[in-house]
Amino acid sequence: MPDTTDALEKEEMFRVIFDNALDGVILADIGTKRLLVGNKTMCAMLGYRRDEISGLSVTNIHPEHDVPYVLDQFEKQAKGEILLAKDIPVLRKDGSVFFADVNSSVVTTGGKRCLLGIFRDITDRRGAEIEREQYFRFFQISTDIMVIADPQGCFKKVNPACLQVLGYSEEELLTKPFIDFVHPDDRQMTRDEMARQIRTGASHDFENRYVCKDGTLLWLSWRATHDEGEKVTYATARDITERKREERALRESAEELKKFKMAVEAASDQIILTDSEGTIIYVNKGAESFTGYSREEVIGKKASLWGGQMPKGFYEEMWKAIREDKKPFSAELVNRRKDGVPYDAEIHISPVLDDAGAVRYFIGVERDITKAKEVDTAKSEFISLASHQMRTPLTAVNWYSEMLLNGDAGELNAKQKEYFQAIYTAGQQMNEIIKTFLHILRLEAGSGAMNAIPVDLVGMVQSTVEESKLTIDKKHLHVSEQIQDALPLPKIDPELAHVILQNLISNAVKYTPENGGVTVSLEKVVQGSTVAGKTAEADSVLVSVHDTGIGIAEADRDKISTKFFRAENAKTWDPNGNGLGLYMTDRMIRTARGALWFSSRVGEGTTFYALLPIGGG
Amino acid sequence: MTTAPDMKKVLVVEDDEPTLTALRTALLGAGLAVIEAENGIGGLTMALTERPDLILLDILMPLMDGWDMLKQLREKDDWGKCVPVVILTNLSADEDEQIRHIAELGPSFFLVKADWKLEGIVDKVLELLNGEKVPCP
């Protein structure tokens with residue numbers, strides 16, 4: 001039976017094909033959803049024996065929660081609506097799942113409508129897709145810039161971070177060569193980097209600056225690698241602008257610190273840093289050459305190593321100022337070098353406080369003023385010589401006019417008397433001016449003996465008033481003194497005290513009109529109490545000189561004690577003043593650590609207050 | 001120069017001619033005998049030989065200044081130690097050096113010429129000559 005033989009051979013051929021197909025093939029009853037037969041590959045895919053398959057339902061070979069979807073697809077395929085069901089999860093006997101694309105066709109066999117499903121395992125393909133999907137996710141969410149560039153120098157792909165960081169639209173970035181976005185100064189370097197990338201194929205790191213859409217410059221740190229096969233360059237970049245800025249700030253502050261250190265090191269003054277106990281932490285080179293001690297010898301020690309030459313009270317005052325009052329302290333003192341030679345120094349010590357206000361360090365700056373002292377001495381010698389030289393001819397002028405006026409050379413007529421009187425008066429004035437200049441020179445040189453001794457201000461006020469007696473009488477001024485009982489004697493240089501009183505009293509007398517009044521008061525003021533708007537910093541004697549004179553205009557208030565200044569009303573009143581009196585008085589009072597101030601009303605009068613500390617300056 | 005035995009004798013040591021002349025005139029006018037020297041060396045010799053009742057002494061002078069002269073005078077003998085001396089100068093008394101010398105050598109007065117009338121100086125001299133003997137410095 002050739003037909004039968006043929007039929008058998010055909011069936012055998014189909015079976016061979018059926019079993020050896022690379023895809024899984026299964027036949028399912030559309031009505032009952034039962035599986036009828038599966039090929040070898042299908043059995044291997046599912047892990048069932050062939051005889052086991054024919055007992056299963058379609059619902060047995062898919063994960064339970066996917067069954068509704070699978071059945072839906074099954075129905076659609078059975079109706080011929082779709083041929084291919086993609087990504088169908090398939091459940092193995094061992095419970096694991098794989099994904100398959102299922103191609104189907106409706107067949108009728110043995111009178112039953114069946115669906116012939118051809119399953120292709122897409123696990124591998126799907127894995128690759130997922131992986132790609134995952135990588136794409138990274139590409140999307142990365143805060144670093146990621147780009148793919150072609151060899152022509154254009155971006156082919158940029159991630160959202162790139163758009164966000166640079167501020168350009170995707171279109172802008174993809175249509176122009178990326179080099180256009182690079183800072184002009186960095187373009188050549190960037191081209192070189194790209195060329196190297198392509199040449200070597202290795203990953204390269206480099207940094208360049210990009211110009212953002214808003215014009216700001218960003219530093220980007222790149223890692224790029226060239227794929228010769230695909231002819232593209234992959235690159236990632238990170239915005240390091242902030243880091244660069246910090247690096248630069250750090251570099252600058254390090255540079256700055258270096259400069260400070262150099263300056264401190266190179267300063268000719270000696271600079272010392274100690275802890276709050278005065279233990280030396282640092283000294284500069286100046287201190288080494290100054291004191292003759294090496295750095296190693298002084299660190300960890302106290303500055304008394306080369307100090308300690310002053311009276312105990314000096315150091316007590318110093319420590320009180322810097323440690324208790326936490327104030328800077330300045331003074332002149334004598335120190336001694338390692339070799340025993342003493343030197344004059346000027347010191348400034350400042351406490352450095354922490355946030356809580358406690359002393360952390362002391363910074364001491366010490367300057368050798370031995371030389372300056374010598375200059376000072378030379379200056380005062382010059383001053384005294386000049387004083388002698390000017391006063392000698394002046395003495396002759398004064399004495400000879402005095403003799404002529406006395407009639408020692410014969411009787412003078414009225415005119416002669418008048419003229420010699422003018423010469424005599426001018427000579428006296430000249431002498432006052434010389435004295436004033438000498439006082440000022442001495443004060444400004446800061447030299448000269450401030451011979452502070454307890455001074456009887458009461459007697460001095462009386463004798464000073466007496467000096468102005470001529471004017472007082474001529475103008476019929478009423479001058480009174482109000483002296484507090486048991487007034488202490490302030491310690492002050494008597495010459496200074498005299499000049500101070502002389503200026504204040506003679507000013508009051510000079511600027512008060514006829515029949516006016518001048519009152520000089522002396523009273524004790526205790527430390528901390530307030531008089532005429534000022535608080536006394538120490539127990540003091542207050543000298544107040546009140547007059548009913550022309551007054552000082554508000555506009556002149558701040559200038560009244562400046563050198564050579566004369567108020568308009570004072571100039572009109574007395575054209576001959578030199579503008580030095582109050583300047584000198586103020587300086588002298590400050591030298592004595594006192595204070596000078598006043599209250600005044602134009603046309604009504606003025607009161608000058610001079611506060612002289614009892615303890616002296 | 002002859003002097004009456006009861007006339008007080010004043011030595012003026014002064015290098016500036018006009019100053020010396022004015023002082024001489026004023027002192028003579030006050031009835032005093034005046035002897036003179038132009039510097040410390042002459043002044044010291046004159047003082048030791050003439051033993052004046054008082055010395056008016058300038059400081060800045062050539063050859064030997066007033067302080068040197070006074071120092072030698074004070075060290076010489078009892079008379080030198082006690083003779084009243086008025087420093088008459090144009091240096092200021094408030095300079096360290098002057099204060100030191102004043103303390104050491106004990107002049108009766110330290111007068112700044114430019115600050116004093118001749119009349120005032122003569123008054124000081126008479127006050128010293130006629131006043132109570134002050135203890136030696």
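Author: Let's start with a term: two residues are in contact, or touch, if their C-beta atoms, placed from the backbone, lie within 7 Å. With that in hand, take Met588(A): leaving out residues up to four places away in sequence, Met588(A) touches Leu443(A), Leu496(A), Val499(A) and Ile500(A).

Before going on, a word on the model. It is predicted, so local features need pLDDT of at least 70 and side-chain atom pairs count only at pLDDT 80 or more, while totals for chains, interfaces and linings use all residues. Residues are numbered from 1 along each chain as its sequence is written, and chains are lettered from A and ligands numbered from 1 in the order in which they are written.

Chain A has 19 helices and 24 strands (DSSP runs numbered from the N terminus: helices are H or I with at least four residues, strands are E with at least two). Of its 617 residues, 26% are buried. Here a residue is buried if 20 or more other C-beta atoms lie within 10 Å of its own, exposed if 12 or fewer, and partly exposed in between, with C-beta atoms placed from the backbone.

Now for the core itself. A nonpolar core is a set of buried Ala, Val, Leu, Ile, Met, Phe, Trp, Tyr and Cys residues joined through C-beta atoms within 7 Å. The largest one has 43 residues, and Ile500(A), Leu504(A), Ile505(A), Val543(A), Met588(A) and Ala610(A) touch the most other members. Elements that each supply at least two residues include helix H15 (457–467), helix H17 (494–510), strand E19 (517–525) and strand E22 (540–547) of chain A. H17(A) gives the largest share, nine residues. Another core, of 33 residues, lies apart from this one and has Ala22(B), Ala26(B), Ile59(B) and Val125(B) among its members. As a general point, nonpolar side chains tend to be buried together in soluble globular proteins.
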